[in-house]
Amino acid sequence: MRRFMSFALLSALLPLVVGCTGNGADSQEVFTPPPAMGDAMLPQTEVPGATGRQWLRDGVVLSGCARVEMALNLAVSASEDLGNTTAEYNVGSTRVYETLVMNIAESSRGSRLRLIEDDMNGCDGRQIEPYHATMATSSGRVERFTVMESEELPRAVVGFTSVVTADDGAQVTIERIYAPIVTDGDKPGLLSLATLAEGGSPGSPSPTELLDAALARAGAVIDTAAATLTAPSTATSTATSG
């Protein structure tokens with residue numbers, strides 16, 4: 001199995017970009033997030049097996065379902081010190097990503113989550129052209145995009161799984177979830193966790209396995225009232241509430 005290269009290096013080598021790209025360890029410019037965001041995101045020690053963490057200035061693109069990626073990467077905060085921030089963690093042949101936007105600026109409560117969910121549904125079950133930097137191979141590639149069933153996820157959380165397959169048989173698997181959150185009692189936000197793993201199976205630790213730790217680190221709870229298919233209710237205090 002070929003080893004895929006880091007997103008940061010590939011985005012530097014390939015000029016065509018879908019949505020936003022991020023800096024990484026191979027970039028000459030080192031990005032440091034605002035202290036409030038650095039403190040609110042998972043340290044390397046809380047991602048099992050992680051051997052490194054780097055910050056990405058403009059988010060990360062994993063899937064060829066481009067509008068979903070753009071909907072997250074273009075989300076902004078109403079607070080200057082709580083802007084959209086992404087961290088990448090190295091876990092063997094898997095890359096783990098956390099993206100966090102606190103005090104999100106949106107037209108209505110949960111509108112960013114609804115946009116992401118609508119765009120995911122538009123790609124559900126399709127074979128699409130994968131994002132070019134996902135796999136370091138020049139052979140033909142196709143991405144099979146699948147929206148996760150609600151039963152697989154905590155209440156109000158949405159996500160997808162994609163398997164990218166090349167003509168030579170090489171594969172990578174993407175798994176990504178999106179959780180609407182609340183901090184400080186009334187400030188809405190959005191948390192995304194993702195893995196990009198070699199082979200045809202999701203990476204470990206999975207996004208859902210990291211969700212409770214990410215919520216605790218951010219001082220957040222899941223905002224069930226922001227969910228598109230559930231009635232408004234009180235935000236839950238744990239990622240595993242059903």
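Q: What should helix α4 span at 1.5 Å a residue, and how far apart are its end C-alpha atoms?
A: Helix α4 covers residues 111-123, and its 13 residues should span 18 Å at 1.5 Å a residue; the end C-alpha atoms are 19 Å apart, which agrees. The expected span is 1.5 Å times one less than the number of residues. Helices (H or I, at least four residues) and strands (E, at least two) are DSSP runs, numbered from the N terminus.

Q: Before going on, what kind of model is this?
A: This is a predicted model, in which local features need pLDDT of at least 70 and side-chain atom pairs count only at pLDDT 80 or more, while totals for chains, interfaces and linings use all residues. Residues are numbered from 1 along each chain as its sequence is written, and side-chain values use heavy atoms, with hydrogens and water left out.

Q: Back to α4. Which residues in it are buried?
A: Ser 111, Arg 112, Leu 113, Ile 116, Glu 117, Asp 119, Met 120 and Cys 123 are buried in α4. Buried means under 20% relative accessible area, exposed means over 50%, and partly exposed lies in between (1.4 Å probe, protein chains only).

Q: And what covers them?
A: The cover of the buried α4 residues includes α3 (66-73), β5 (141-147), β6 (158-166), β7 (171-183) and β8 (187-198). A contact here means heavy atoms within 4.5 Å.

Q: Which residues of α3 are buried, and what do they pack against?
A: In α3, Val 68, Glu 69, Ala 71, Leu 72 and Asn 73 are buried. They pack against β3, α4, β6, β7 and β8.

Q: Where is confidence lowest, and where is it highest?
A: Helix α1 (residues 7-13) is lowest in the protein chain, with a mean pLDDT of 33, and helix α5 (residues 207-218) is highest, at 98. pLDDT is the predictor's confidence in each residue, from 0 to 100. The chain mean is 83, and 81% of the residues reach 70 or more.

Q: Over which residues does pLDDT stay under 50?
A: One such stretch is residues 1-28, for which the model has 72 contacts beyond four places in sequence. Another is residues 229-242, with 31 contacts of that kind.

Q: How many helices and strands are there?
A: The protein chain has 5 helices and 9 strands. Along the sequence they follow the pattern α-α-β-α-β-β-α-β-β-β-β-β-α-β.

Q: New topic: the cores. How many residues does the largest nonpolar core have?
A: The largest nonpolar core has 32 residues, and Leu 100 and Leu 211 have the most contacts inside it. At least two residues each come from α2 (35-40), β2 (85-91), β3 (94-101), β7, β8, α5 and β9 (220-222). The largest share, 5 residues, is supplied by α5. A second, separate core of 30 residues includes Leu 72, Ile 104, Val 158 and Val 172. A nonpolar core is a set of buried Ala, Val, Leu, Ile, Met, Phe, Trp, Tyr and Cys residues joined through side-chain atoms within 4.5 Å.

Q: What does Ala 218 touch beyond its neighbours within four places in sequence?
A: Ala 218 is in contact with Ala 40, Leu 100, Met 102 and Thr 183. Ala 218 belongs to helix α5 and is buried, with a relative accessible area of 13%. Its C-alpha atom is separated by 7.8 Å from that of Asp 39, 179 residues apart along the chain.

Q: And Thr 134, is it buried or exposed?
A: Thr 134 is buried, at 2% relative accessible area, and is placed in the loop between β4 (127-128) and β5. The side chain of Thr 134 reaches the backbone oxygen of Leu 62 at 2.9 Å. The C-alpha atoms of these two residues, 72 residues apart along the chain, are separated by 6.2 Å.

Q: What about the backbone: which peptide bond is cis?
A: A cis peptide bond joins Ser 204 and Pro 205, with omega about 5 degrees. Pro 205 is in the loop between β8 and α5.

Q: Asn 103 has a positive phi; where is the residue placed?
A: Asn 103 is in the loop between β3 and α4, and its phi is near 50 degrees. Asn 103 is buried, with a relative accessible area of 15%.

Q: Is Asp 184 buried or exposed?
A: Asp 184 counts as exposed, at 62% relative accessibility. Asp 184 lies in the loop between β7 and β8 and has a positive phi of about 55 degrees although it is not a glycine.

Note on methods: Polar contact = N/O pair within 3.5 Å; in protein donor to acceptor, adjacent residues only side chain to side chain.
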